[in-house]
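Biologist: I have a fold to look at. Can we go through it together, one point at a time?

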Amino acid sequence: MKETPERKKSWFYKWFLDNQLTVILINIFLIFLIIFLFSKISFVFDPLGQILGITMPPVILALVLYYLINPLINVLESKFHVNRIISITFVFIIILALLIWGVMSLIPFVQSQVDSLVKNWPQYWNSLNKSLQNMFSDPKLHLVKDRLVQTNTSITKSFEKSMDQILPQTMNNISSAVSVLTNVVVILMTAPFILFFMLKDDKKFKESVIKFVPDRVKVSVGDMLSEISQSLSSYITGQLTVAFWVAVMFFVGYLIIGQRYALILGIVAGVLNLIPYIGSTLALVPSLVIAAFIAPSMVLKVLIVFAVEQTVETRVISPIIVGNKMQMHPVTTILVLLISAGMYGLIGMIAGIPIFAILKIIFTRVFNWFKRNSSWYSQEELLETKESNDSDNTKTSEKLHK
């Protein structure tokens, strides 16, 4: 009499309540159901998106500056016992003085080089056309010459047509340009205030976040926040430092070989170097174009400068400054760049790797928690995971302490 209920209960319990695959599939279904419901009421979150669009640019700029300046503030406070607010004020005064110096001396020089480039561009273009015509004057290359002439004519017509379209659009979009300029000014004016309070209340941010977390996970969340902060700090400071030295190396190299617009090309190389792997190659393109306008020998000199810069950067500067702090395989980095660039363009290429690193840290922590609370993994694997986490936490604590 008792076997039938027991048998039914065991069958239901086995296939629906105690079946891990079923539970996982139900959870996945619930996640997609929630995403679907949120997509249907996305209009509710539109104001939140607008708020984030307004507030995030100055916050991100302040965060980047925070990771650059905070180590210096910590040194002044810990080793020299200088009051934190006094240290912040002193650093702000130095940065303001450097900005004023740059505006007064550097910007006019850059502007003069840009004006010279725009003024001399037709001359460079005509010189390049003559060089190509002389190069392909051989009858054997007659077909190639005709195709180059057709291509040149097509490019010229496209350029003239685009200019005819750009001029009316420029007049119509003056209000948009003013709006963009206003947003930039607001960001530059707001970011220093956010940065000041970030530096002033450095140790309070983590505490203010952790106090909303349940007690049993406060330690784990605190370690995760410290690991994310350390990863972002290493990446931002490392990338900006390498970009600075790349700009200096290109600038000095171009000065040595007599390349025109060395300062502009060096600055462009430093900015594009923020894009991992392909940034320096992209920076080589405008330099090769300008070198081709001048003389074929200048192209060879530019390639030599590029080869020397790449050797110094990859063998000396990057290993010392950056190393492999992000702990990402090159293939993973390339895939992240392709995906982020395809989705969000240049901004995605620059921000893709640090965002991926943050998501990787969060996913790793959640997955380790799942391993500890799941019966799918052996005790040996759990012990290895625990030892790895303890080692990572110790390294993070030592870096933060330093």
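**Helices and a nonpolar patch**

Modeller: Phe45 lies in the loop between α2 and α3. Bear in mind that this is a predicted model.

Biologist: Is Phe45 buried, exposed or partly exposed?

Modeller: Its relative accessible area is 36%. Buried means under 20% and exposed means over 50%, so a value in between has its own class. Phe45 is therefore partly exposed.

Biologist: Which helix gives the most to the nonpolar patch?

Modeller: The patch covers about 910 Å², and Phe45 is one of its residues, along with others including Ile34, Phe38 and Leu52. Two helices, α2 (20–40) and α3 (46–78), each supply at least two residues. The top contributor, with 4 residues, is α3.

Biologist: How are α8 and α11 oriented to each other, roughly parallel or roughly antiparallel?

Modeller: Helix α8 spans residues 218–257 and helix α11 spans residues 296–321. Their axes are 10 Å apart, and the packing angle is about 150 degrees. Angles over 145 degrees count as roughly antiparallel. So α8 and α11 are roughly antiparallel.

Biologist: Is the crossing of α8 and α11 left-handed or right-handed?

Modeller: Two numbers describe a helix pair: the angle between the axes and the distance between them. For α8 passing α11, the crossing is right-handed.

Biologist: How many helices and strands are there in the protein?

Modeller: Read along the sequence, the pattern is α-α-α-α-α-α-α-α-α-α-α-α-α. The count is 13 helices and 0 strands.

Biologist: What percentage of the residues in the protein is buried?

Modeller: The protein has 402 residues. Buried means under 20% relative accessible area. The buried share is 25%.

Notes
Residues are numbered from 1 along each chain as its sequence is written. This is a predicted model: local features need pLDDT of at least 70, side-chain atom pairs count only at pLDDT 80 or more; totals for chains, interfaces and linings use all residues. Side-chain values use heavy atoms; hydrogens and water are left out. Patches are made of residues with over 30% relative accessible area and no salt bridge: like charges are joined within 9 Å, nonpolar side chains (Val, Leu, Ile, Met, Phe, Trp, Tyr) within 5 Å. Accessible areas come from the Shrake-Rupley method with a 1.4 Å probe; for residues, only the protein chains shown count as cover. A salt bridge is a side-chain nitrogen of Lys or Arg within 4 Å of a carboxyl oxygen of Asp or Glu. Buried means under 20% relative accessible area, exposed over 50%, partly exposed in between (1.4 Å probe, protein chains only). Axes are lines fitted to C-alpha atoms, for helices over the stretch in contact, and angles run from 0 to 180 degrees between N-to-C directions. Angles under 35 degrees count as roughly parallel, over 145 as roughly antiparallel, 65 to 115 as roughly perpendicular and the rest as oblique. A crossing is left-handed if the near helix is turned anticlockwise from the far one by less than a right angle, and right-handed if clockwise.
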